[in-house]
Amino acid sequence: MFISAVSTLALYCSRCGNIELHNVSRFALNNSRRQLACSCGQVQGAIASAGRHQYLLDIPCVVCETNHLIFLDSQLFRQPKASKIYCSQANLELGFIGSPAAIDEIIARHKQEVASITSEMAEQSDDQGIENSQILLEILNKIHDIAEQGGVYCCCGNADVEAEVLVDAIELSCSQCNGRLVIPAKDEHDLARVSVMGIIELTPLRRTSRK
């Protein structure tokens, strides 16, 4: 049985915001260090062998403003699925590693989501657009990850929360009490703020009593 020795590293670029693909062979990395650079010229990090069954990814993080050293097990080079690479401090998604086919599937899904967001915004207004759809999409993905872990809910006790994409924000609403929370999604600062969130709690709308 033939097992491919080549995997793909897909890393978000902190300069242009695109996802850059790097094909990496675990055999070619033995006793060597390879620099990883985006097509825009931004250095995204470096990867090197760190023993028989591990590889060391040295990657800068715009949130922590430092370099993270991430150990990658050799099993990641052989699995057909893709695994996410995170900043351990802010739980920020930095990229993916997996088979070329798995990475291609993620990139295709990413493009569809961006196109869907752009189309939705175009329907809302012809003269409004998304200046940074990458930031908006990453924040939306982060909110989704928090929700999957049960961290998105309303004070009224309801966990059925809906998300609506706005021009430069994401509005969360409770289907039970109409509670709402608007999360800004304009720039890297908004992304950094959401990245350190463990929970997102909506506040029910207050009802004024009439005499």
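The structure is a predicted model, in which local features need pLDDT of at least 70, side-chain atom pairs count only at pLDDT 80 or more, and totals for chains, interfaces and linings use all residues. Residues are numbered from 1 along each chain as its sequence is written, and side-chain values use heavy atoms, with hydrogens and water left out.

## Overall architecture

The protein has three helices and 13 strands; helices (H or I, at least four residues) and strands (E, at least two) are DSSP runs numbered from the N terminus. Of its 211 residues, 41% count as buried, where buried means under 20% relative accessible area, exposed over 50% and partly exposed in between, with a 1.4 Å probe and protein chains only. The accessible surface comes to about 12,400 Å², and 47% of this surface belongs to carbon and sulfur atoms; the areas come from the Shrake-Rupley method with a 1.4 Å probe, and for residues only the protein chains shown count as cover. Among contacts (heavy atoms within 4.5 Å) between residues at least 6 apart in sequence, 42% join residues at least 24 apart.

## The aromatic pair

Rings of Phe, Tyr and Trp (its six-membered ring) pair if their centres lie within 6.5 Å; planes under 30 degrees apart count as stacked, over 60 as edge-to-face and the rest as tilted. By this rule there is one aromatic pair. Tyr12 and Phe96 form this tilted pair, with 6.2 Å from centre to centre and 55 degrees between the planes. Because Tyr12 lies in strand E1 (residues 6-12) and Phe96 in strand E8 (residues 92-98), the pair ties together parts that are 84 residues apart in sequence. Tyr12 is buried at a relative accessible area of 14%, and Phe96 is buried at 6%.

## Pocket and cavity

Rolling a probe the size of a water molecule over the atoms shows where empty space is left. On a 1 Å grid over the protein atoms alone, a cavity is a set of points where a 1.4 Å probe fits but cannot get out, and a pocket is an open set with protein on both sides within 12 Å along at least five of seven lines; lining residues have an atom within 4 Å of a point. Grid points are joined across faces, edges and corners, and a volume is the space filled by probe spheres set on the points.

The second largest pocket holds about 340 Å³ of space. Its lining has 23 residues, of which Tyr12, Cys13, Ser14, Val62 and Glu188 are the closest to the centre. Tyr12 thus belongs both to this lining and to the aromatic pair. At least two lining residues of this pocket come from each of E1, strand E4 (43-49), strand E5 (54-61), E8, helix H2 (133-148) and helix H3 (188-195).

A search of the whole structure finds one cavity of 30 Å³ or more. The largest cavity has a volume of about 90 Å³, and among its 11 lining residues Leu92, Glu93, Glu138, Asn141 and Lys142 are the closest to the centre. E8, H2 and H3 each supply at least two residues of the cavity lining, with H2 giving the most, four residues.

## Selected residues

Asp145 is placed in helix H2 and counts as buried at 14% relative accessibility. Beyond residues up to four places away in sequence, Asp145 touches Lys84, Tyr86 and Glu93. Glu93 is also one of the residues closest to the centre of the largest cavity.

Arg15 lies in the loop between E1 and strand E2 (19-25) and, at 53% relative accessibility, counts as exposed. Leaving aside residues up to four places away in sequence, Arg15 touches Cys40, Gly41 and Gln42. Arg15 and Gln44 are 29 residues apart in sequence, with 9.5 Å between their C-alpha atoms.

Asn23 is found in strand E2. The C-alpha atoms of Asn23 and Ser7 are separated by 5.8 Å, although the residues are 16 apart along the chain. With residues up to four places away in sequence not counted, Asn23 touches Val6, Ser7, Thr8 and Arg34.

Cys155 is in the loop between strand E9 (152-154) and strand E10 (161-165), and is partly exposed at a relative accessible area of 44%. Cys155 and Leu202 are 47 residues apart in sequence and 6.0 Å apart in space, C-alpha to C-alpha.
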